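Hi everyone, thanks for coming.

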Amino acid sequence: MAILDAGGSAIDAALAASATLCAVYPHMTGLGGDAMWLLSDGHRVDAILGLGQAGQRLPDGGGISERGPASAATTAGALRSWSMAHDWSRHRWHSRMTWPDLLESAIGLAEQGCGVSASQVFWQQQRAELIADLPDLHRLCYNRAGHLLHEGDRLRQPQLAATLRRLAAAGVDDFYDGDIGDALAEGFAALGNGLNRTDLRRTVAQRVEPLRIRYRQGSLFNIPPPSQGLYTLRALHALDRIDLAGLPNLGADYYHYLVEAIKQQLVNRNRELCDPRWSGLDGLSQLSTAQADADVARIDPGRAVHWREPAQPADTVWLAASDRNGRTACLIQSLFHDFGSGCLVGDTGVLWLNRAAGFHPDPKHPNCWAAGKRPAHTLNPSCYLADDGEQLYFGTQGGDGQPQTQMVLATQLIDHRQSLEAALHAPRFLQGRSFFGSTENLKLEEPAGHDVARSLRARGHDVEWLPELSPFSGQAGAIRVRPNGVREAMHDPRGQGTGLGQSTETMEEKP
């Protein structure tokens, strides 16, 4: 908000917020992660992919693991995307903000310390054995007595602060091409994760055309492969053929159609999603009218399809900013699993992602490991531009839960014309195993009601209850821009995020 009030663009605000989260929310995001952006001026939507790729050789052990050095076997693309987004802000949106402006808050919080978040404490408790087994995480998660940090304890990251200070002075491409890149390469050699200096330099960000469908009276956008955004759109494209607004809102029919639509697409995703440079995967052809007609025809209104698909767990942060010039930046950034690989690289203080664990272990699968290849991604933020000028930007963390939460938000906001508050409070569902200890069934937040559950069970759904406002059903956020320019923002009551707005007085004071 300080960046917006100082005249920065929506991109600038998102960059500063993302950098700050790297310091205060290190278990979910960091400089060593990947990122995806949607950029909009209210009329056109562009996308930036900041995705790392596999190195030219496998880790020292010859394979990929879920955690540890052998999971840190892809480069991190987030900062390449930051560089491209910053150039976009300066040259297209005419910002004068510099890297020292944007990284100042993050540097101070990493160096001077910040209170440990309730979220970090929760995930430390869930991953206590993992943290004990990965010595690098002791610096992030243990106090001097060797016990897990408590909420409010001070977390200081002096090495990360030094890295951020260097990036502020030299620009974030130094992460790949300069002194920080040299330090990271030395750290890779010590880890034995298969990456080297050349792999870092080859990491690029891409400006891509977002995928787009017609949904009701507007256009819905998401990220193309290797993101699962294709399947979020396919599910909603099928639902566009059903009069959801004519069904009782949040009733059994409503949930049944949403669940069955996404089940189809998670099956498709698990079978085929990969780096499109390694396959013939064509996102555009999958979003045709004929394909949507075929997808909706496979939904039986009275019977649930049997479910036995492997899940894709993941954790991340989503954020968005909208400036007074009508421009919005929507960013999702991730280390993949909570705490990523668990490896801090060298003396940089950078926690590396475990995105290599997203490769499929079968060497014949389209998403198998290959040198220079990007793994399939769960990240997928959404944007909706209505024909009447209204704009919606939303996203969430949660692996398989990302498209499911987005479907609830989209249908609540677009079909049922709910407020942001009502849409974000609406009871959610989660099909399949997407967190530790869960089962392959349909999880439903309790406020949905026993009548709804009874009807769903009669159709063959194996319903299990989640508590009201469960963080396992996603921690989302949304921005709505009304046709008259009025902006609204709200974060999920299930999480620690927040929604902030510029005051009218502040806007009027600026030239």
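Let me begin with holes: the count comes to 1 cavity of 30 Å³ or more. A cavity here is a set of points, on a 1 Å grid over the protein atoms alone, where a 1.4 Å probe fits but cannot get out. Points are joined across faces, edges and corners, and the volume is the space filled by probe spheres set on them.

Before I go on, a word on the source: this is a predicted model, where local features need pLDDT of at least 70 and side-chain atom pairs count only at pLDDT 80 or more, while totals for chains, interfaces and linings use all residues. Residues are numbered from 1 along each chain as its sequence is written, and side-chain values use heavy atoms, with hydrogens and water left out.

Now the nonpolar cores, meaning sets of buried Ala, Val, Leu, Ile, Met, Phe, Trp, Tyr and Cys residues joined through side-chain atoms within 4.5 Å. Buried means under 20% relative accessible area with a 1.4 Å probe, protein chains only. The largest core has 71 residues, and Leu31, Trp37, Trp82, Phe175 and Trp352 touch the most other members. Helix α2, residues 10-24, gives the largest share, 9 residues. Helices are DSSP runs of H or I with at least four residues, strands are E runs of at least two, and both are numbered from the N terminus.

What does Leu31 touch? Beyond four places in sequence, its contacts (heavy atoms within 4.5 Å) include Cys22, Trp82, Leu160 and Phe175. A second, separate core of 54 residues includes Leu230, Leu247, Tyr254 and Ala261.

Next, have a look at helix α12, residues 229-239: 11 of its 11 residues are buried. Among them are Arg234 and His237. These buried residues pack against strands β6 and β7 and helices α13, α14 and α15.

Buried or exposed: which is Gln431? Gln431 sits in strand β14 and is buried, at 3% relative accessible area.

Last stop: strands β17 and β18 pair in the antiparallel sense over 5 bridges, where pairing takes at least two DSSP bridges. Val481 has Arg487 as its bridge partner, and in the hairpin Gly485 takes a positive phi near 95°.

Key. Buried means under 20% relative accessible area, exposed over 50%, partly exposed in between (1.4 Å probe, protein chains only). On a 1 Å grid over the protein atoms alone, a cavity is a set of points where a 1.4 Å probe fits but cannot get out, and a pocket is an open set with protein on both sides within 12 Å along at least five of seven lines; lining residues have an atom within 4 Å of a point.
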